[in-house]
Amino acid sequence: MPLAASELILNSDGSIYHLNLLPEDIAETIITVGDPERVHDVSKHFDVIEVKKGKREFHTHTGILNGKRISVISTGIGTDNIDIVFNELDALVNIDFGNREEKDKKIALNFIRIGTSGAIQPDIDIDSFLLSAHAIGLDGLMHFYNCSDEQNITLASKLNSYLGWQNRHITAYAFDCDDLLKNKLNSNRIRFGTTVTNAGFYGPQGRGIRLSPALKDFHQKLMAFNFQDKKVTNLEMETAGIYGLASILGHRAVSMNAILANRATGKFSKNPARTVEQLIQYCLEKIS
Ligand SMILES: O=P(O)(O)O[C@H]1O[C@H](CO)[C@@H](O)[C@H]1O
Ligand SMILES: O=c1cc[nH]c(=O)[nH]1
């Protein structure tokens, strides 16, 4: 059955609704960044840029680096945007826009998130790089999809019993990164971690400026959780949604975090732009 006009929404030029992209506009290796300005910070390293398109906060550049075709796309902030970006990127490669049907032969995309994050353990250095080996979502996105086969159910259920936040309507889901990409992006500069993704930067990350977070023990609880000798390391706003959607759509994903804040020590990077640039250069060297 062809997908209805209300489900697979195409613009008048045939491009996908929010991303404004045609199937030929994207590479099979895709870097996601939160900040639209970071798209240029990545693509300035390409040898050639073939595509520059955008709409709203979703800006895309596709080019070649050392003979490899790479796309970089900005997702904006949050897993609500990740839902749009991942469903539409998947449609670009796995739906035939001519007959509006799923293709028989699927393409598996490689996603590398280059983002920023705040550590919650005091021993994680500001300006260091952390690869999210596991991701825990407190935001709720993946509860709208059938994903019990792909989830790290043991991690999610242990954390849910430990936190006891379900009376607050917070039920964690959990996914792991892709092992191939993990090995590709690894080196002695990288620390592996368990990343918590949530639906906001302030209350949902235990921050208060004028408003006090309702969960007073948010950090203490997360800091003390131990799963197979691993601790929760950092907080951000996209990784669990990226891992979840990539897993159920048959893609590969890894999330690389520039640690800008340490919530346990109260410190913030003195030069966040330099740290992000160093992480971009690191990732491009590893994937090209
Ligand atoms: O630097 P990016 O990739 O946007 O990632 C982090 O920074 C934003 C919050 O400042 C959130 O999107 C969070 O996940
Ligand atoms: O503390 C932080 C820093 C960057 N991004 C986040 O989401 N949280």
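Mentor: The largest nonpolar core has 67 residues. Such a core is a set of buried Ala, Val, Leu, Ile, Met, Phe, Trp, Tyr and Cys residues joined through C-beta atoms within 7 Å. Buried means that 20 or more other C-beta atoms lie within 10 Å of a residue's own; exposed means 12 or fewer, partly exposed in between, with C-beta atoms placed from the backbone. Ile112, Ile136 and Met256 have the most contacts inside this core. Strand 13 (residues 252-262) gives the largest share, seven residues. Strands (E, at least two residues) and helices (H or I, at least four) are DSSP runs, numbered from the N terminus.

This is a predicted model: local features need pLDDT of at least 70, side-chain atom pairs count only at pLDDT 80 or more, and totals for chains, interfaces and linings use all residues. Residues are numbered from 1 along each chain as its sequence is written, while chains are lettered from A and ligands numbered from 1 in the order in which they are written.

Now take Ile136. Leaving out residues up to four places away in sequence, Ile136 touches Leu155, Leu159 and Ala172, among others. Contact means C-beta atoms, placed from the backbone, within 7 Å.

Just after helix 3, Gly164 takes a positive phi of about 65°.

Key: Contact = placed C-beta atoms within 7 Å.
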